[in-house]
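Here are some notes for a first look at this structure. Please read them with the model open beside you.

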Amino acid sequence: MTTQEQIIIAAKHIQEGRLVAFPTETVYGLGANALDPIAVAKIFELKERPTFDPLIVHIASIEDLPQLTSFKDNRVTLLADKFWPGPLTIILPKSDLVPDIVTSGLETVGIRMPDNPIALELIRQSGCPIAAPSANKFGQVSPTKAKHVRKQLPDVDYLLDGGSTKVGIESTIISLNEKGFEILRHGVITREEIEQLIPYFSLDENNKKNIVSPGMLKSHYSPNKPMYILDKKLPEHFDKAKAGLLSFTGNDCADYKIVELLTDNKDLRTCAVNLFAAIHRLEEADIEYIAAEPVPEMGIGIAIMDKLRKAAYRYSN
Ligand code: TXA
Ligand code: MG
């Protein structure tokens, strides 16, 4: 586990323009000083991430917000009061202080306050907002344990080990428009929860074309073996004896070489917590295929199915 001394060492790396992997409540992040474009460029290099994919900026206090956005709207305060610290990223117009490389040249910046004491203390000790994508190689499965980061990014300057992350999938991302909010990426904070504060309003498809959002990448979170969702017919060559199953109900598990039961009682939140770690284990296992049982597409299930579809996308056509 992480000590205060380690956080202080990590903060020094951030201040001096190096990269630190750190736990958040969702997944591990690969962080750099968000206001230092050279440091941020190193994130794209280490992750092998295309620079058209913008980063989320992490803050530790609501007082860090005005330097990043000039946007004043009481809806932001409402959302922050209810959901921060927590897994909600809000897309806001960026201030001049935010380097273009953070936002991939967009006029907006994604901001969130993570609900993890190590992350918050790291931001405070660094004295700057921290830009951080998930700490995996681009397109691969997100890390929910320090060992997943070590496997994918062994060359990171410093890694803070905070054990397993408690939410397990990435933050919900929303943007605001004149009439309400819309969801750019589904997460454990659901549309229904946000609708209790502000109305949902999706801009028409024509307007949406210009928004760069993670939803635009159909393939993502790709495991190193073919993956199939069991709502479609399996290919002829698929063999349960050579496959691992991601199971939601515990039904029809017979004949699979390995079964990863994601929840004992069909609880979607537990399923989200365990999902990426289970996929990481199946990546390491001696099997040829991964099969995934679909989960009910409601509430958090929407985000889980979104991850499964992206992971299986390459093999679903
Ligand atoms: O839970 C999380 O959000 C984690 C932890 C580390 O905070 N971070 C994370 O970052 O998932 P990343 O980079 O893997 O995914 C962030 C997504 C990107 O795919 C990007 O397209 C979207 O956020 N994004 C960032 N800024 C944006 C902006 N200004 N407009 C639209 N989408 C944006
Ligand atoms: Mg990611």
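Contact here means heavy atoms within 4.5 Å. The model is a predicted one.

1. Start with Glu284. This residue belongs to helix H9, which covers residues 268-284. Is Glu284 buried or exposed? Its relative accessible area is 58%, and exposed means over 50%, so Glu284 is exposed. Setting aside neighbours within four places in sequence, Glu284 is in contact with Lys151 and Lys225. With Lys151 there is a polar contact between side chains, at 3.3 Å. Asn224 lies 60 residues away from Glu284 along the chain, yet their C-alpha atoms are separated by 9.0 Å.

2. Now take Gly86. It sits in the loop between helix H3 (74-83) and E4. Its relative accessibility is 1%, and buried means under 20%, so Gly86 counts as buried. Which residues does Gly86 touch, leaving aside neighbours within four places in sequence? They are Glu25, Arg112, Met113, Pro114 and Asp115. Thr26 is 60 residues from Gly86 in sequence, with 8.7 Å from C-alpha to C-alpha.

3. Next, the cores. The largest nonpolar core has 59 residues. Those with the most contacts inside it are Leu79, Trp84, Leu88, Leu122, Leu160 and Ile194.

4. Trp84 deserves a look of its own. Not counting residues up to four places away in sequence, Trp84 touches Ile59, Ile62, Leu65, Leu79, Ile90, Ile111, Arg112 and Met113.

5. Strand E5 spans residues 108-112 and is mostly covered, with 4 of its 5 residues buried. Strand E3 (residues 56-58) runs parallel to E5, joined by 3 bridges. There, Val57 stands opposite Ile111. Strand E4 (residues 88-93) pairs with E5 in the antiparallel sense, over 4 bridges. Leu92 has Val109 of E5 as its bridge partner.

6. Helix H2 runs over residues 37-47, and its buried residues are Ala39, Val40, Ile43, Phe44, Leu46 and Lys47. What do the buried residues of H2 pack against? Their partners are strand E2 (29-33), helix H4 (100-103) and strand E6 (130-131). An α-helix has 3.6 residues a turn, so residues three or four places apart point the same way.

7. Check both ends of H2. Asp36 caps the N-terminal end, with a side-chain oxygen 3.1 Å from the backbone nitrogen of Ile38. Just after the helix, Glu48 takes a positive phi of about 55°.

8. An open sheet is formed by 4 strands in the order E10-E13-E11-E12, with parallel pairing. Why is one side of E10 and of E12 left without a neighbour in the sheet? Strand E10 (227-229) and strand E12 (258-261) stand at the edges, each with a single partner strand, so one side of each has no neighbour there. On average, neighbouring strands of this sheet are turned by 20° against each other, direction ignored.

9. Within this sheet, look at E11 and E13. Strand E11 (residues 243-247) and strand E13 (residues 289-292) run parallel and are joined by 4 bridges. Leu246 stands opposite Ala292 in E13. Helix H10 (residues 300-312) packs on the sheet and touches E10, E11 and E13. The direction of H10 makes about 135° with that of E10.

Notes: Residues numbered from 1 in each chain as written. Chains lettered and ligands numbered in written order. Predicted model: local features only at pLDDT ≥ 70, side-chain atom pairs only at ≥ 80, totals over all residues. Heavy atoms only, no water. Core = buried A, V, L, I, M, F, W, Y, C linked by side-chain atoms within 4.5 Å. Buried < 20%, exposed > 50% of the residue type's maximum accessible area, 1.4 Å probe, protein only. Helix = DSSP H or I, 4+ residues; strand = E, 2+ residues; numbered from the N terminus. Polar contact = N/O pair within 3.5 Å; in protein donor to acceptor, adjacent residues only side chain to side chain. Pairing = 2+ DSSP bridges. Axes fitted to C-alpha atoms, helices over the stretch in contact; angles between N-to-C directions.
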